[in-house]
Amino acid sequence: MRASTAVATEISYNHGATKYRAEVEFIKHSEWERELDVLFAELLDHQEEVTRGAIPKNSDAAVALDKIKAVYPMLNPKDILNASVANLMASERVTDLLGTTMGFEGDDPKAFSTRLKSYIDSKGKRGRPKKSAKSQDAAEHPDSASDTDTAKQGIGLWPLVRVVRIYTKAPALATGAVLVDLPGIFDSNSARVAVAEDYTRRCSAHWIVAPINRAVDDKVARDLLGKNYKLQMQMDCAFNDMTFICTKTDDLVPTEVIQSLNLDLPAFNQVQQLPDRVEWLKKGIDAF
């Protein structure tokens with residue numbers, strides 16, 4: 001019921017022995033430093049509102065604050081305003097991740113999905129992975145005790161992740177096709193926006209997905225088909241590669257269909273009355 005993909009996620013065929021495998025690539029040190037510069041600038045522009053805790057929920061300042069708090073959960077808004085980019089970059093448990101790639105694998109889909117969620121979902125369980133030097137060990141021992149220790153660190157990882165690559169034994173991907181789930185080209189994280197824009201240039205096909213009951217006024221779909229985006233697609237000669245997918249086409253309300261089509265279905269009305277008749281008959285039986 002909510003947008004949950006916070007990072008670019010590639011899904012490819014898995015040629016390995018296990019059913020599922022994942023690689024998590026973190027952004028570089030310089031990229032996170034630039035990102036913090038932008039976030040701090042936004043907070044300083046709304047310093048009074050941040051101090052009073054009165055910033056609008058969906059404002060850029062609120063997004064900036066939430067992103068910093070996700071990675072540095074031990075800091076409150078006042079601490080963040082009094083800090084600096086250099087102070088935050090001095091945190092080893094964050095900088096140790098930057099520029100690294102870690103991986104893990106497994107056969108249990110539920111356990112694999114739970115572990116993967118903290119890297120993909122902005123609302124996922126927070127934790128801290130091993131350093132890349134131990135990535136091989138993590139892959140061989142995905143349920144090791146270190147996962148419990150890292151979860152206690154409480155770091156939200158999604159602002160630091162550039163891309164997550166998932167490998168699964170799906171026959172549809174055996175030909176070499178790669179599906180990419182993007183957070184969107186309007187993401188507030190500049191590093192992820194750059195990744196999303198790069199994918200839109202390189203992808204052989206673009207699928208814009210929206211529920212059919214909101215497809216006409218869905219904001220993301222409307223923005224993606226806006227004037228600037230269509231102009232860019234025209235320059236990239238990508239119009240023939242775009243498909244608009246309306247989902248939930250089978251999500252119907254029979255009564256609405258009957259009313260919209262002006263159907264006369266007395267039998268259907270009788271079916272609708274059956275539950276009440278069953279209850280009435282049950283009460284009659286109980287009375288005896």
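Tutor: What follows goes from the confidence of the model to the helix pair and then to one residue in a strand. The model is predicted, and the protein chain has an average pLDDT of 77, with 72% of the residues scoring at least 70. Over residues 124-152, however, pLDDT stays under 50, and for that stretch the model has 49 contacts beyond four places in sequence.

Two packed helices are described by the angle between their axes and the distance between the axes. Here helix α1, residues 29-45, packs with helix α3, residues 60-71, at an angle of about 135°, and their axes are 8 Å apart. An angle over 145 degrees would count as roughly antiparallel and one of 65 to 115 as roughly perpendicular, so α1 is oblique to α3. The crossing of these two helices, α1 and α3, is left-handed.

On the α1 side, the contact is made by Trp32, Glu35, Leu36, Leu39, Phe40, Glu42 and Leu43, while α3 contributes Asp60, Ala61, Ala64, Leu65, Lys67, Ile68 and Val71.

Turning to the strand, Arg165 lies in β4, which covers residues 161-168. The side chain of Arg165 is joined to that of Glu25 by a polar contact of 2.9 Å. Setting aside neighbours within four places in sequence, Arg165 is in contact with Glu10, Arg21, Ala22 and Glu23 as well as with Glu25.

Note on methods. Residues are numbered from 1 along each chain as its sequence is written. This is a predicted model: local features need pLDDT of at least 70, side-chain atom pairs count only at pLDDT 80 or more; totals for chains, interfaces and linings use all residues. Side-chain values use heavy atoms; hydrogens and water are left out. pLDDT is the predictor's confidence in each residue, from 0 to 100. Contact means heavy atoms within 4.5 Å. Axes are lines fitted to C-alpha atoms, for helices over the stretch in contact, and angles run from 0 to 180 degrees between N-to-C directions. Helices (H or I, at least four residues) and strands (E, at least two) are DSSP runs, numbered from the N terminus. Angles under 35 degrees count as roughly parallel, over 145 as roughly antiparallel, 65 to 115 as roughly perpendicular and the rest as oblique. A crossing is left-handed if the near helix is turned anticlockwise from the far one by less than a right angle, and right-handed if clockwise. A polar contact is a pair of N or O atoms within 3.5 Å; within protein, one must be able to donate a hydrogen and the other to accept it, and residues adjacent in sequence count only if both atoms are side-chain atoms.
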